[in-house]
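Dear colleague,

I am passing on the structure below, and after it you will find a short account of what was found.

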Amino acid sequence: MLKTLKKFYWFLFRHKKALSVFIFTLTAATILENISPYIYKLLIDAIPSQNYQLLLKIAILFVGIKIAVNFLTALSDYLGDKVLIPASKEARIAVFRRILDLDFGFHTNKNTGSLISAFKRGDSAFFALFQSLNREIFRILISLLVVLFFFIRIAPSLAFLMLLISLANTFVSWRLIKFNLKKRASFNKAEDKVSGIISDNLINYETIKLFAREEKEENRLKEEFKGWTDKLWQYANSFRLMDIIVGTLSNLAILTAFWIVIRKLVNGEISAGDLVMVSSFVTSFYYQFFSLLYRLRAIAKSYIDIQHYFSVFNTDVLIKDPDKPVKIKDIKGDIRFEKVSFSYPENKENVLTNINFHVKPGESAAFVGRSGAGKTTIIKLLLRFHDVTKGRILIDGIDIRNISQSQLRSFIGIVPQEPILFNETIGFNIAYGNDQATQEEVIKAAKMANLHQFIESLPQKYDMPVGERGVKLSGGQRQRLAIARVLLNDPKIIIFDEATSNLDPESEALIQDALWKIAKSKTVLIIAHRLSTVKQVDKILVLDNGQVVESGPHKKLIGKKQLYHHFWQLQSTGRNGQEANLLT
Ligand SMILES: Nc1ncnc2c1ncn2[C@@H]1O[C@H](COP(=O)(O)OP(=O)(O)OP(=O)(O)O)[C@@H](O)[C@H]1O
Ligand SMILES: [Mg+2]
């Protein structure tokens, strides 16, 4: 519990100065606001004296206090915002940054819709928690202290009664709030599931339309809402229970307080002014207490929301940067896998077993194998998206676990299997990763990737937005854009994961031409199902079931008449006429 509050206050304490002035003005405003009943008492007690000057003074004091309260409250509201607005912004940025820093393990298991729903709830809870804890609860506590101060002076028994009731009420409230918190947490889970389904539908709209599943999806959502409704009712009803129990306790307290003061008045121990003051205090005490309860409930709700919001800070990052990373200016591009085995965290079975290979600077290597053989996984390990289970990976002789991840990745450019783009312009997406790139360089890269002509044909040219995830571009255009992006970054190691799979034979030939031109001084890793692409690499590694079963140049492997030869045979004599033509 304290961990979340600590984090919350950590963001607020970054604005210490404004925070302390805010607390000071709020305390002053609250004390002044709460002494009105005492002024009534002064007024009533002064009436029999018929001293008009004194009465006037008291009236002026009364009005003066009201004006001061008004002014101080506005000032404290302003100062509170001076703390709250920047702190909430900083919290939001910190959570965002943390999510970006979390590993692939976290991201492959997350549900974007649920995460956004928790994120939004957390952000509003930050405001709500500040309002409840630092404004309202604080004011209520100060008010109670003021009331207590005057009660002790009139009758200690009154103060004692008030304290007793406060403690009893707090105890009961606390138990009820705990119950309420549980209900809130389970409602939140249901809410996140609903959001998850909605966002999954928004992302997969194409598949839904393709299979005409609109009604089925609506029903899936309706089904999820059943649990949601139950949980919301349980949560709402837990409030009613609190209202009844705490209301009864408070009413009993008021009754007892009246009984005490009336007896004292009858016995002549206190003045009529005291009676007015006490009844005014008691009534306000009643409201204060109720608002305390409401506030506690609000705090409980915000607390659960913010706990979930901040939970990303407690999620462990598995892939850590070394304490003292080896700093490298530039690399030659030597890649070595030594006895590498790997299994994904949720599945203990090895995806890769005892992988050994060496690609020298400037060499090219290709990975070939059946779908699911582990080709992309090798690349993910090289980029350190996951850590190897056994063995090690070396770049220029340095274990990649000793280099910072950002530096490691800056040496490597990848054209992924399915390039996903930002919902920004074509120009933005090409220049992504290279802030220094000039427009000329962007155009040059686009030309090399055989994309410039297409861009020029667009009405907005390089300023055309590509749509969410790049939907407005064809698969091949997206791939060529990803190629241009890598060319612009000019890394020492270039990886093509099925980079030309979405291209027509003509474009593929053009891209390959460009590829081999830039590959001259670079280490190139290629994954390709079309063997025509890999024919001219220095070394081909044939993967089967997560193991390297053959390796060597094209000619040698063809001569071996094993798996590679089998693939080659299938493609060159296969029914796919286009492939056959390409290879001949
Ligand atoms: N994030 C993941 N979590 C768990 N298992 C995974 C994950 N990614 C891939 N796998 C599994 O690892 C195995 C190898 O996958 P990988 O993507 O490396 O295959 P691939 O050789 O690139 O296949 P393709 O040619 O179809 O792209 C597959 O069985 C796959 O199901
Ligand atoms: Mg793959």
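**The sheet and its neighbours**

Six strands, in the order E6-E7-E8-E3-E9-E10, form an open sheet whose pairing is mixed; strands here are DSSP runs of at least two residues (E), helices are runs of at least four (H or I), and both are numbered from the N terminus, while two strands pair if DSSP finds at least two bridges between them. This is a predicted model, in which local features need pLDDT of at least 70 and side-chain atom pairs count only at pLDDT 80 or more, whereas totals for chains, interfaces and linings use all residues. Residues are numbered from 1 along each chain as its sequence is written, and chains are lettered from A and ligands numbered from 1 in the order in which they are written.

At the edges, pairing on one side only, are strand E6 (412–415) and strand E10 (547–552). E6 pairs with strand E7 (residues 493–497) in the parallel sense over four bridges, and Ile 412 has Ile 493 in E7 as its bridge partner.

**Two helices**

The axes of helix H7 (residues 156–203) and helix H10 (residues 272–310) come within 9 Å and cross at roughly 30 degrees, where axes are lines fitted to C-alpha atoms, for helices over the stretch in contact, and angles run from 0 to 180 degrees between N-to-C directions. H7 and H10 are therefore roughly parallel to each other, a term for angles under 35 degrees, as against over 145 for roughly antiparallel, 65 to 115 for roughly perpendicular and the rest for oblique.

With kind regards
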